[in-house]
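Let's take a walk through a protein together, one side chain at a time. Have the picture open and follow along as we go.

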Amino acid sequence: MFLDNHKVWVYGDDFSEPQSFEDSVAHKAWVFFQDGTATCRETIKGMPEVKITRYRDLDMSGHWRDRPAWGDWDRFGEHPEPADDVSYRYGRDWNIRLLQPIAEIDQQEAERCFETSPQLSVSRLRADRAVPDYTLVMGAGGDHVRVRVYDDNGSIVESFDWGQVSESDKLFLMNYKVWVYAEDSSGPRTFSQSAAHKAWVFRQDGTATCRETIKGMPEVKITHYRDLDTSGHWRERPVWGDWDRFGEHPEPDPPTGLPGPG
């Protein structure tokens, strides 16, 4: 799909009720073309002239987007604007040292594997950055989603595990891990090279356990929690292309106070 139109309306500050387009005090409308040209039409209420500006040699690469699958609403609703120059690479996982997917496959093959493959990864990359924004490692049909977040050196600093824990199709955030590395790190570090590590295990009954280790310290600190509101730990399984809903927001949703399914 191609973003070919964008419109914006401006209303007066003295309105306390929703206004229609006709009530706006100013209006801009852009029309974008695949050849890199565009036209902007600007009108201001009370002004007789309509300002028309034409553009050329625009980079339209971010105006393209895959069609939404059922449930893939947030990818358009939260980010209706043109995307930055991002790409998605697929495989079994992300190799932090080679900066490429393990057993890389193309998008067409990845889409075929999505419903059946026991392990499929997708990493989102930007043109100006070799390290992914995130990597999702998923089970068949999205029945498990592990979200990995990186620092600027390419080291994994956070990991979120969403998985099925009942007969419900929804996923539950059951594990969260965070790693801390020395500040003098220059290049990707493995988990064993971290200076500290915390790992949480969440359960549907509102209990949780946190295990904290610090390199050089003989003791492992274990903390138990109870009466936690885990209503925000439930999320619909991803559909094909629904990567940013987990990659950009891997953390639990705000709690609703409602019991989870199952």
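Cysteine 40 has a relative accessibility of 4%, so it counts as buried. Cysteine 113, at 19%, counts as buried too. A disulfide is a pair of cysteine sulfur atoms within 2.5 Å, and a search of the whole structure turns up zero of them.

Before going on, some ground rules. This is a predicted model, in which local features need pLDDT of at least 70 and side-chain atom pairs count only at pLDDT 80 or more, while totals for chains, interfaces and linings use all residues. Residues are numbered from 1 along each chain as its sequence is written, and side-chain values use heavy atoms, with hydrogens and water left out.

Now for the charged side chains. Side chains of opposite charge can pair when their charged atoms come close. Here we call it a salt bridge when a side-chain nitrogen of Lys or Arg is within 4 Å of a carboxyl oxygen of Asp or Glu. How many salt bridges does a search of the whole structure find? The count is 14.

Take glutamate 109 and arginine 112, a salt bridge whose closest N and O atoms are 2.3 Å apart. Both belong to helix H2 (residues 107-113), and because they are three residues apart there, about one helical turn separates them. Helices (H or I, at least four residues) and strands (E, at least two) are DSSP runs, numbered from the N terminus. Glutamate 109 is partly exposed at 27%, whereas arginine 112 counts as exposed at 51%.

Next, look at aspartate 133, which is buried with a relative accessible area of 17%. Aspartate 133 forms a salt bridge with arginine 126, with the closest N and O atoms 3.0 Å apart. Arginine 129 also meets aspartate 133 in a salt bridge, at 3.7 Å from N to O. Arginine 126 is partly exposed at 26%, and arginine 129 counts as partly exposed at 25%. Through shared partners, salt bridges tie Arg124, Arg126, Arg129, Asp133, Asp152, Asp244 and Glu248 into one network.

You'll find arginine 124 in strand E8 (residues 120-126), and its 7% relative accessibility makes it buried. Contact here means heavy atoms within 4.5 Å. Not counting residues up to four places away in sequence, arginine 124 touches Val86, Ser87, Tyr88, Pro132, Asp133, Tyr134, Asp244 and Glu248.

On to the rings. Rings of Phe, Tyr and Trp (its six-membered ring) pair if their centres lie within 6.5 Å; planes under 30 degrees apart count as stacked, over 60 as edge-to-face and the rest as tilted. The structure holds twelve such aromatic pairs. In one of them, tryptophan 70 and tryptophan 73 have ring centres 4.9 Å apart and planes at 90 degrees, so the pair is edge-to-face. Tryptophan 70 counts as exposed at 73%, and tryptophan 73 is partly exposed at 47%.

Tryptophan 162 and phenylalanine 246 make another edge-to-face pair, because their planes are at 85 degrees, with centres 5.8 Å apart. This pair links distant parts of the chain: tryptophan 162 sits in strand E11 (residues 156-163) and phenylalanine 246 in helix H3 (residues 244-247), 84 residues apart. Are these two buried or exposed? Both tryptophan 162 and phenylalanine 246 are buried. Elsewhere, Tyr90, Phe114, Trp240 and Trp243 form one aromatic cluster.

Rings can have charged neighbours as well. We say a charge sits over a ring if NZ of Lys or CZ of Arg is within 6 Å of the ring centre and within 35 degrees of the ring normal. The charged end of arginine 235 does this over phenylalanine 246, 5.0 Å from the ring centre. Arginine 65 lies over the face of phenylalanine 76, at 4.9 Å from the ring centre.

Our last stop is glycine 141, in the loop between strand E9 (129-138) and strand E10 (144-150). Glycine 141 counts as buried, at 7% relative accessibility. Leaving aside neighbours within four places in sequence, glycine 141 is in contact with Phe114, Glu115, Arg237 and Pro238.

Conventions. Buried means under 20% relative accessible area, exposed over 50%, partly exposed in between (1.4 Å probe, protein chains only).
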